[in-house]
Amino acid sequence: MKKTTLVLALSAALVACEQSNDTDSKKSEDTQQVTEFKGEYDKTAYAIGVNFSTQMGQNFESLKEYGVEIDPQIVAKGIKDGFAGNAQLTDDEVAEEMDAFQTNLNTKMEEHQAKLEAEAQQEAEANLATGDAFREEYAQKEGVETTESGLMYRVIEASGSEESPVAEDTVRVHYRGTFIDGKEFDSSYERKQPIDFPLRGVIPGWTEGVQLMNVGDKYEFVIKPDLAYGEMDRGSIPGNSTLVFEVELLEINPTEPVQPAEEPAIDEQLEEQVEDAAQELEQAAEATQETVEEVSEEVKEEVKEATGDDQ
């Protein structure tokens, strides 16, 4: 890893040199010179430079995250002197400087990572407290049940079916996942396509909860962190998050694959757009009418005050 980071840092610095030279040469479109590819490998050489810049430019920018900025003018000077054979540093001095740079960079990266972990820990502790308070309040709602593990749920719709899955089954569901503030982080409804998954392959709260359902039921689950993703961040889900899921059990061990969501026909899309536009126009007209009426009343009041007419 140490050598890789060093290579990226050096490569990025070279990119800075190229970018700096390019910027200076492009100050005036009239004076910009176009490279002529005369030799057999000239275009190849140029392509290597462009490809190098594209791949390493982002790595150079990433160094700034750790407070490391390389002066492209000095880099350019080092490259020029190196090719000319009159470098101001010996090979040993170059190696010593690069070792020192790598050590310094490693320290900065470790400090940055420690800061991120501390911030994540603070957020996780706050999430745990707010989640505990939310679940305590949720438990008082009508129809809410709490299992021995601490999983909380309530029945939104009961189908009357008696077909329920076991942990070894694969289920097809529609679902919506939100944080306790109502912000949605995932939804098969939004994708307009249900999903199949083995109950053994999901978070414990799902594995337990879906087994309580019958085909056709719709439940709401409130899942505490140790039945969800725990104290560590998982993608867009912060550590120690209490999660709320609305789940609709559609099928157990489906034999046919999920059909892709159908795009609405062009005429249906146009019809929806026309309806939306008409609704917006109607709302604007109502708002305008209200404004006109308010202004009319104000004018009448002003006229009365000016004429002393109480009629």
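Just after helix H3, Gly85 has a positive phi of about 80 degrees. The model is predicted: local features need pLDDT of at least 70, side-chain atom pairs count only at pLDDT 80 or more, and totals for chains, interfaces and linings use all residues. Residues are numbered from 1 along each chain as its sequence is written, and side-chain values use heavy atoms, with hydrogens and water left out.

**Overall make-up**
- The protein has seven helices and seven strands, taken as DSSP runs numbered from the N terminus (helices H or I, at least four residues; strands E, at least two).
- From the N terminus, the order of elements is α-α-α-α-β-β-β-β-α-β-α-β-β-α.
- Of the 311 residues, 26% count as buried (under 20% relative accessible area; exposed is over 50%, partly exposed in between; 1.4 Å probe, protein chains only).

**Helix H3**
- H3 covers residues 72–84, and its 13 residues reach 18 Å from first C-alpha to last, close to the 18 Å expected at 1.5 Å a residue (the expected span is 1.5 Å times one less than the number of residues).
- Val75, Ala76 and Asp81 are buried in H3.

**Nonpolar surface patch**
- Phe37, Tyr46 and Val50 form a nonpolar patch on the surface, together with about 280 Å² of accessible area (Shrake-Rupley method, 1.4 Å probe).
- Patch residues have over 30% relative accessible area and no salt bridge, with nonpolar side chains joined within 5 Å and like charges within 9 Å; a salt bridge is a side-chain nitrogen of Lys or Arg within 4 Å of a carboxyl oxygen of Asp or Glu.
- Val50, in helix H2 (residues 42–63), is partly exposed at 41% relative accessible area.

**Negative surface patch**
- Glu282, Glu286, Glu290, Glu293, Glu294, Glu297, Glu298 and Glu301 form a negative patch.
- Glu294 lies in helix H7 (residues 266–307).

Note on methods
Lys, Arg positive; Asp, Glu negative; His and termini not counted. Charge placed at Lys NZ, Arg CZ, Asp CG, Glu CD.
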